[in-house]
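Subject: Structure handover

Hello,

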Amino acid sequence: MADDHRRCDELFAEAEQRVGDGDWTAAKDGFNTMRSAIEHHFSMEEEVLFPEFEQVTGSSMGPTQVMRHEHEQMRQLFQEMADAVTGQQADAYLGASETLLILMQQHNAKEEQILYPMTDAQLAAQSKEVLERMQSVGK
């Protein structure tokens with residue numbers, strides 16, 4: 001999942017560069033690709049990883065609740081960015097993307113340093129099956 005974070009980060013940077021260049025057709029394509037990749041990442045977590053972790057631990061009030069809340073915050077920023085691309089408003093896009101970047105960096109660090117090690121430990125016995133289910137999300 002950490003590798004997927006990096007892939008999404010690269011797509012984020014590419015989309016931001018296209019907006020900065022003022023190439024709005026490429027910016028729209030880049031933004032949609034980035035948003036789709038991040039939404040897929042969220043879906044793998046929300047539909048498979050988080051529920052499995054919550055079932056094993058018996059708690060949905062811990063780190064998974066925080067991660068879901070942060071996903072929603074990021075989705076709100078995606079909408080602001082989509083509106084900015086539609087309106088060809090570079091400053092609005094770049095402002096929202098700066099906020100999103102900070103949120104993503106903090107979010108990814110929490111997942112990679114806290115949540116993923118916890119899920120690895122708790123789901124070790126079924127890790128192969130969970131990974132297969134995560135990879136099949138959206139297919």
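First, a definition: the bend at a residue is the angle between two fitted axes, one for the seven residues ending there and one for the seven starting there. Helices are DSSP runs of H or I, at least four residues, numbered from the N terminus. By that bend, α2 has a kink of about 35°, centred on E46.

This is a predicted model: local features need pLDDT of at least 70, side-chain atom pairs count only at pLDDT 80 or more, and totals for chains, interfaces and linings use all residues. Residues are numbered from 1 along each chain as its sequence is written, and side-chain values use heavy atoms, with hydrogens and water left out.

**Helix α2**

Helix α2 covers residues 24-57, which is 34 residues. Its first and last C-alpha atoms are 46 Å apart, close to the expected 50 Å. The expected span is 1.5 Å times one less than the number of residues. Just after α2, G58 has a positive phi of about 75°.

**E45**

E45 lies in α2. Buried or exposed? E45 is buried, at a relative accessible area of 0%. (Buried is under 20%, exposed over 50%, partly exposed in between, with a 1.4 Å probe and protein chains only.) Leaving out residues up to four places away in sequence, E45 touches M1, H5, F50, P51, H71, E111 and Y116. Contact means heavy atoms within 4.5 Å. V137 is 92 residues from E45 in sequence, yet 9.6 Å away in space, C-alpha to C-alpha.

**Packing on α4**

The axes of α2 and α4 come within 12 Å and cross at roughly 25°. Axes are lines fitted to C-alpha atoms, for helices over the stretch in contact, and angles run from 0 to 180 degrees between N-to-C directions. α2 and α4 are therefore roughly parallel. The cut-offs are under 35 degrees for roughly parallel and over 145 for roughly antiparallel; 65 to 115 is roughly perpendicular and the rest oblique. Residues of α2 in this contact include F31, I38, E45 and F53. On the α4 side they include M104, E111, L115 and Y116.

Helix α1 (residues 2-21) also meets α4. Their axes come within 11 Å and cross at roughly 170°, so α1 and α4 are roughly antiparallel. Among the α1 residues involved are H5, D9 and F12; α4 contributes residues including L101, M104 and E111.

**Q88**

Q88 sits in the loop between α3 (63-86) and α4 (90-122). Q88 has a positive phi of about 50° although it is not a glycine. Q88 is exposed, with a relative accessible area of 51%.

Best regards

Technical notes:
Helices (H or I, at least four residues) and strands (E, at least two) are DSSP runs, numbered from the N terminus.
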